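Please look over the following structure with its aromatic rings and its helix packing in mind. The report below takes these topics in turn.

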Amino acid sequence: MPGICADKDATFCVRNRVLPFVTVLSKVISGWSPEKYCFGKMSSEAQTSGDGNVVGEAAGPSSSLLASEDSQVVEESLEMSEDVSSIPLRNWELENMIESVNSSDDIYKYDQKAQQDMLAAKPWTKDPHYFKYVKVSALALLKMVMHARSGGNLEVMGLMLGKIDGENMLVMDVFALPVEGTETRVNAQAAAYEYMAAYIDSAKHVGRLENAIGWYHSHPGYGCWLSGIDVSTQLLNQQFQEPFLAIVIDPTRTISAGKVNIGAFRTYPKGYKPPDDTSGEYQTIPLNKIEDFGVHCKQYYALEISYFKSALDKRLLESLWNKYWVSTLSSSSLLTNADYMTGQIVDLSEKLENAETQLNRIGSMYSFDAHDKKSEDKLSKATKDSKKLTIEGIHGLMSQVIKDQLFNKINLREIHEQNH
Amino acid sequence: METESRPGTSKEPVAVQPTAADRSVMAGAGAIGSVTVKLHPLVIMNISDHWTRLRAQEGKPKPVFGALIGKQTGRIMEIMNSFELQYTEENGVITINTTYYYTKEEQFKQVFKDLDFLGWYGSGGPPTESDVQIHQQICTFTESPIFLKLNPQAPSTDLPLSVYESVIDVADGTAVTRLVALSYTLATEEAERIGVDHVARVSNVSSATESLASEHLNSQHSSIVMLHHRIKLLLEYINAVKEDKLPRDHEILRLIHALCHRLPVLGSHQLKEDLHDQYNDVMLMTYLGVMSKGSQTMNQFISKFNVLYDRQSAARRLRGLFM
């Protein structure tokens, strides 16, 4: 094939010039500190997200004004406003495919007899892959997210209450446990058995009749998967407390990506070989944890999560939107997540360096296809990570640009008019 | 602080107008609350869940009561979480089970070390005499608790929540506890907002068909539409006042004026510089992403090319190695 230097020169070029450049670039970016933006700490009154919150504040008094109903104009145009405001509302709930439980909200009823029957039958002992779906209530999700977030960079854990329904596991409620160090010892739950028993007992007095159905914990910043310790804990749980579920939630990635980062898992019993490689969505995992992930990732499987909410929940959430749109507009993910992003870039640069050294090593020998595949995998994984990071960065920037367009361009027109 | 000093505005919903029979419960119209309340949506969801499951189990709606916990710094109370309370009802008199409360208090102190008991919540319509009674019982747990009332069956589309605190009024020579309405705002923690958003519009099927960018832009778009709509409302109001169709309300006009005057603050030079800096930083990150993507594509292409067209030379070299 004329014209293309298909030999080692091009490979050499990519591997020895482009890749190092990319690695160096990533190192440069990772050397930034989050404080370099002065408006991050500009107005201490405007709090954390700099210009984002100033916008929020400007919108604050207006939102009280805008939400006020004692102006006659509002009442007059209320009918008109209903139509206009229902459009964004519908957009907002566009993909609402949850079963908005019907008016009797049956899912909240706890049928003691039916549950006991199901527990006695124990269909899961015959099929390790029996439970396939998890339904999480709106309240449970919110509680888990808030608890995980309140832990900051420390892992937190808690217990979930719920029931089973065929192949579904339903999580109705969760509560936090007063334990620490969930990532350093198996069965950290042992320390909290007393608390658990007391809590479940007192919950029964106020209509919370469900039993423990699983446990959840957080992996702040490093994704939703089960570490070696988690797998051992879950294996123990599935031996003695069946049916049991493990949920992992990542509050940092939730904020960074703008969507809830959560995963539900059940382990296979020891010695069981899963039928096929049902690998889930690819996740970026930091280098220091990737070994732990790789060793154990075949020992458990992920369940599909869906959410449900009651009719009252739905109504309240709709009304909440009337006040919440302000914070959606004024949130600034770049600032809130600056630390995390910098960490991700550092990690990415290390991965790229690894990929580079591997390619160089291989490149000096006469390469076989098998070797090529491995080094490509490293580079392609690193690329996937960088793509995800870039997308998140761009989303944050989009919000900033939108805010800039909306609120900062006012002066221009005034000055323009003054000059003409 | 303008939001807080106006209890007369309806941050509270329509349902709060006291009827003639309950007029003794609310303090006079001139009373202004002494604290401001920030409410987390989690509390609202908690109360809703409590009410829903009790209704599902008992078959008909029952009043629910519970405790509110959170932090208080000075005059600002932030209500972050809540739990249910047990009560017994005899002849319409509701008594809160104090032992239950103490066990629960011990429990939550273990997990949420820095949260305190701030008040209580109940469900139902406008506040009644029995609410005041319960409030007095709660006063034994903490001084000056606040009272949150959620109406799960309110017809209006606004948030059917009201917050009250108690004052001791002197009426007919005896000290009577009366309720004063407080204004509240919604606390906005980032993770909570995302959780609420997710729950409100989540779908069973993963949105693999929709690009991430369009999802993100959709939510931004919805908020902008709301903003636009609200500003249009304000504009109409001003026009109407100008044409003398509506009476002037100086307070509202002053607020609008203040709002317009805040905008130029955001155009400061320092801010522009920082915005550009941030823009450049994100662009650099994008550059990194694009470059690594490009180098990976190149690498793959070259390897594949090698497989196709280099076989002869590789084979020759191999034979050279092994022979």
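## Aromatic rings

Rings of Phe, Tyr and Trp, the last represented by its six-membered ring, are taken to pair if their centres lie within 6.5 Å. In this predicted model, ring pairs of that kind link B:F65, B:Y87, B:W120, B:F147 and B:Y164 into a cluster. Over all chains, the structure holds 17 aromatic pairs.

One of these pairs is formed by A:F175 and A:Y199, whose ring centres lie 3.9 Å apart with their planes at 15°, so the pair is stacked, given that planes under 30 degrees apart count as such. The pair links distant parts of the chain, since A:F175 belongs to strand β3 (residues 168–176) of chain A and A:Y199 to helix α7 of chain A, 24 residues apart. A:F175 is buried, with a relative accessible area of 4%, and A:Y199 is buried as well, with a relative accessible area of 13%; the cut-off for this class is under 20%.

A further pair joins A:F265 and A:Y300, with ring centres 5.2 Å apart and planes at 75°, so this pair is edge-to-face, the class for planes over 60 degrees apart. Here too distant parts of the chain are linked, with A:F265 in strand β6 (residues 262–267) of chain A and A:Y300 in strand β7 (residues 300–308) of chain A, 35 residues apart. A:F265 counts as buried at 6% relative accessibility, and A:Y300 counts as buried at 9%.

On the side of α7(A), the contact is made by A:Y195, A:A198, A:Y199, A:S202, A:A203 and A:H205, while α2(B) contributes B:Y100, B:K104, B:Q107, B:Q110 and B:V111. Taken by residue class, this contact of α7(A) with α2(B) comprises six nonpolar, four polar and one charged residue.

## Chain A as a whole

The secondary structure of chain A comes to 15 helices and seven strands. Of the 420 residues in chain A, 53% are buried. Among contacts in chain A between residues at least 6 apart in sequence, 77% join residues at least 24 apart.

Definitions and conventions: Residues numbered from 1 in each chain as written. Chains lettered and ligands numbered in written order. Predicted model: local features only at pLDDT ≥ 70, side-chain atom pairs only at ≥ 80, totals over all residues. Heavy atoms only, no water. Contact = heavy atoms within 4.5 Å. Helix = DSSP H or I, 4+ residues; strand = E, 2+ residues; numbered from the N terminus. Nonpolar A, V, L, I, M, F, W, Y, C, P; charged D, E, K, R; others polar. Buried < 20%, exposed > 50% of the residue type's maximum accessible area, 1.4 Å probe, protein only.
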